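Below are a few friendly notes to read alongside the structure.

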Amino acid sequence: PSYSSAQKLTLSGANAQEAFGSAVAISGDRLIAGAPMAELFEAQGPGRAAVFAKNGASFAQIQDIQAP
């Protein structure tokens, strides 16, 4: 099969060093993408993830998951 890019997902407030999208899981109309190098208090933190939900033909971020 052939695949093409339909949408570029971004994590609000993320920068390139956070490695957003290096881990992705999809189930039904939900997608979770990780940013394992996310920083917490200006030092390397435990990472973060974002949950996206399909809305029509595109995905929208519905939750930002961060360590407490």
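Predicted model: local features only at pLDDT ≥ 70, side-chain atom pairs only at ≥ 80, totals over all residues.

**Notes on the charged pairs and the overall fold**

1. Which residue does Asp29 meet in a salt bridge? The partner is Arg30, with 3.8 Å from N to O. Arg30 is partly exposed too, since its relative accessibility is 42%. Both values fall between the 20% limit for buried and the 50% limit for exposed.

2. How many salt bridges does the structure hold in total? There are three.

3. Now to Arg48, which pairs with Asp64 in a salt bridge whose closest N and O atoms are 2.6 Å apart. Asp64 belongs to strand 6 (residues 58-66) and Arg48 to strand 5, so this pair ties together parts 16 residues apart in sequence. Asp64 is partly exposed, at 30% relative accessible area. Arg48, in contrast, counts as buried because its relative accessibility is 13%, and the cut-off for buried is under 20%.

4. Arg48 also forms a salt bridge with Glu18, and here the closest N and O atoms lie 3.7 Å apart. Where do the two partners sit along the chain? Glu18 is in the segment before strand 1 (23-27), while Arg48 is in strand 5 (residues 48-55), so the bridge ties together parts that are 30 residues apart in sequence. Glu18 and Arg48 are both buried.

5. Taken together, Glu18, Arg48 and Asp64 form one network, joined by salt bridges that share partners. I would look at these three side chains as a group when you have the model open.

6. Stepping back to the fold, what does the secondary structure consist of? The protein has six strands and zero helices, and reading along the sequence gives the pattern β-β-β-β-β-β.

7. Consider the contacts between residues at least 6 apart in sequence: 23% of them join residues at least 24 apart.

8. Last, the surface. The accessible surface of the protein is about 4,900 Å², and carbon and sulfur atoms account for 53% of that area.

Technical notes. Residues numbered from 1 in each chain as written. Heavy atoms only, no water. Helix = DSSP H or I, 4+ residues; strand = E, 2+ residues; numbered from the N terminus. Contact = heavy atoms within 4.5 Å. Areas by Shrake-Rupley, 256 points an atom, 1.4 Å probe, with all protein chains shown as cover. Salt bridge = Lys/Arg side-chain N within 4 Å of Asp/Glu carboxyl O. Buried < 20%, exposed > 50% of the residue type's maximum accessible area, 1.4 Å probe, protein only.
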